[in-house]
Amino acid sequence: MADGLVTRRQSRWVVILKRVTVVIAMLISFFPIFWLISTAFKPFDEWASWPPVWVSGHPTLQNFRIVFFPEAAREFAAAEKGSLDYKVSGSAWKAFGDSALIASLATAFSISFGTLAAYSIARFATGGPNFPFQFLTVRMMPPIAVVVPIVALFAVLRLSDTYFGMILAYTAFTLPFSIWMIRSFIEEIPSELEGVAMVHGASRAKAFLTVTLPLVRGGVLATALFVFILNWSEFLFALVLTSGRILTVTLQVANYVSASSGKLYGVQAAMGTVSTIPVIVFGYLIQKHLVRGLTFGAVKR
Amino acid sequence: MFEQPASPSLVSRSWGFRLRLPFNVALVLPAQLIILAVALAPAVIVVWLALTDWQPTDAIPWYQAETVWFWNFYDLWYDERFVNAVLRTFFVVGVCVAVELVLALGLALLFLEDWRWKKIAVSVIILPMMIIPVDAANAFFMLFNEHGPINHLVSLALGHPFEFSWLSHPTWAMVPIMLCEIWQWTPLMFLLVLTGLIALPQNQIRAAVMLGASPPRIFFKLVLPLLLPVLGVAVLIRCIETFKIFDPVYMLTRGQPGGATETISMYMYNGAFVYFRMGYIAAAALIVLILVVATCLGLAKSVQQHG
Amino acid sequence: MRSRLELRRLTKSFEQTLAVKQLDLAIMPNEFLSLLGPSGCGKSTTLAMITGLVEPDSGEVCIDGRVVNAVPPQKRGLGLVFQDYAVFSRLTVRQNLNFGLEARGVSGRERDARTAAMAERLGLQTLLASRGSALNMSEMQRVAIARVLVTNPRILLLDEPMSNLDASVRASLRTELKQIQHELNQTVLYVTHDQSEAMAMSDRLAVMDAGAIQQIGSPDDIYHRPRTRFVAEFIGDPPMNIVPCEIVRSGSATAVRTALHGPIALEELEVDVGPHLLGVRPHDVLMAVPGAPGAAMTRVRFVENLGAKHVLHVDYGDRLIATVVAPNTVQAGEDIAIALQPGAVHLIRESDGLVQRVERQKAMA
């Protein structure tokens, strides 16, 4: 859709220049990811060679095996002993399992409670006009500032390094997103529709469940995927609130880097590549709603 | 049409107890309670902790720690490392958000027209947003390695080997961190700016053309003012998020060398979980909370006014 | 400014629909010409091609004799007032007026002087500091017109400028516009679908339909001597009555007969074979004395009360026709006699809609 800024007659050179710039932007966007994936398939001797190997001539699945299978990891350590030591004993399966469990449950709670609250705020303006802003203020606080007292609190409540503790924390911090996003979806459905159902004898709850909820189903699903992405990608809380019993994928990525002084490039890259796949997949699925979510419903596409 | 519910009570015989709560309040309750638990209780605790010098290594529970009253705040005021961290973070926010804005604006202008592979281009350009931040940091860690592709490209450009150790250099270590942040979040700004551009009133722009305005004049005098609301939201959101920056700092430098890349979050993490001075850091947390929330609310206000 | 505009064989199609077909049009300096036609007739497309915002498939746009097809819209020196006014919402009225001047490099005192003068002429002095988004419709229209006029455009183009305004505002704006045009000696092209507006304001009208110009002429010409059926029916309120008729030949004489009237001798008129229709405007259907030559009896079916006049709908063979009378002279259900005004009857050829006016006639009882 041509804008007035784009005059009808553009010289071919201008068009070519524009397209080339776009291609450069695409290359820059893709490059770090390309490097990550490429390194994941590099054999050990190509990890830190100079000049660096851009695309491996001998791609291998060794790194992925090390990530997922402790025996492969032990073999590797034995073979390369002396050149690196790492204490990453847990296999990535545990990380993926824990992340999946925590992220899924936290997302479920966040969406459920969030939908209830969003409906209440959207239809009844519960708590007055400023009520929703408390959630926004929660987002403004740097998590590190909040995490110190939470560590203390969890210590007292024996919630440190527990699944329940993690799920609770994750639910709390994604609730603002859930509430704001779902609220913006509900506000798009005119309340008259529920009124019609109620005139026909349905209770408020029934009206909501049978009329509005199906209509915002897409939006709620998108919000769920969005919240899942947030939970899956979360790092700081996982770092601080766990001490070994629970392992998330983000922790595992960081572990490879720190435990080996960052020298296990291939393995790091393998873990990084696999762990980010769910986020990429879900991200593209909800592409249209990303902007709405990341701006708290302020901007809709 | 929909009035506030008078006070229909939520009477549930199947639950065995009677709860007299307005329906709408009952709905918000679970969410509110969770947030209170995880946000309010800690707020109280943080105030308490800030007045103590609790260190977990002391083996006393925190609620029994000895109070040092306002000494923590006094110390913080004179703590160069803390002040530097705060200033450094403001610097990072300013630079990153500004660069993201300019890049996003420039890029979005290229997407006003249609061409065959436009959708693919958009998909690729927003890819960085869909990478786990620690993975992105991981990738940049490898890119800026002494033997990494960045140095390789510079070597090719310069004609002689360039094996600069980015992440160990006090001045330059900040660059990979900021580039990681910019790389990952410019696509978001891009989407926001694009949304704003598409919503521009076409006829106003045509009118400007008919009045003889050149493209630069149309852009600066007409388009930018029209975009101000969207740009305001974009800048606000990015500022809020960038203040908290942690993942790239942790993965790339941990705040090293010598605290040269310590941002607020990194400083506090180190203080609390490496040096275990939780009381002290609680005080820092209070200051940071007030500072950051005040700044962000101020930004939000000005965005609202100009919107 | 007084400039001349010529369109030669302008053609444009969109996805297989031919929107504008080989259009020829000339607008004289200082002339107020209306481009009149129903929605979809191609007038907006034509306007867009004149401004340069749309490129023609073929044909030429000439301003002051110079072909401007290759000249971008910015440089054509035309002034366009959009249908939705497109006032710059985030700028003040003053900034709106200054915009075109600054774009042309006029600044400082001269710019302020011209802006102030134009603001005064259009009654905007009190609004200069208001934001574009804070104005109502008619204020926006004034701003849209002012910001264009202040740049002294060669030709002022207006795209249905009154369609968003209340009827009460339209009348006063019409006269204002005409006044300004005379004061500034401005050539104006006025695009509209409202025929009474076009008739009231224009020096000439170009009536358009289906991508082609049906007729160009002064309001009088268009009204009294329409050349096609479309023009005849489009112009005039209430619209022209069209009734079936028969051509009757007796020897060398030709006459036309309708359900109630005729034979009307057609002298000095070339009439060929093929079905024809007769057109006569309601104002030209006269109340007559029953029994007088040319008068025929008919019954009034219903009456429209328009205040200053009444429109009677009367039987005419298989249909109703309209006639205009003074208020309160006739009631529904009455029988009256009507006659057709000599010299105001039009013969319409069904095959192609070509209209010929019957200048002279001899009505025979």
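The model is predicted; local features need pLDDT of at least 70, side-chain atom pairs count only at pLDDT 80 or more, and totals for chains, interfaces and linings use all residues. Residues are numbered from 1 along each chain as its sequence is written, while chains are lettered from A and ligands numbered from 1 in the order in which they are written.

In chain A, the axes (lines fitted to C-alpha atoms over the stretch in contact, with angles from 0 to 180 degrees between N-to-C directions) of helix H1 (residues 12–40) and helix H12 (residues 265–285) come within 7 Å and cross at roughly 120°. Helices here are DSSP runs of H or I with at least four residues, and strands are E runs of at least two, numbered from the N terminus. H1(A) is therefore oblique to H12(A), a class for angles left over once under 35 degrees is called roughly parallel, over 145 roughly antiparallel and 65 to 115 roughly perpendicular.

Turning to confidence, chain B has a mean pLDDT (the predictor's confidence in each residue, from 0 to 100) of 84, with 93% of its residues at 70 or more. Among the elements of chain B, the mean is lowest in strand E1 (residues 9–12), at 40, and highest in helix H3 (residues 80–109), at 94.

Finally, 15 residues of chain B are in contact with 19 residues of chain C, contact being C-beta atoms, placed from the backbone, within 7 Å. Helix H8 (202–210) and helix H9 (215–243) of chain B each give two or more residues to this side, and H8(B) supplies the largest share, seven residues.

Conventions. Contact = placed C-beta atoms within 7 Å.
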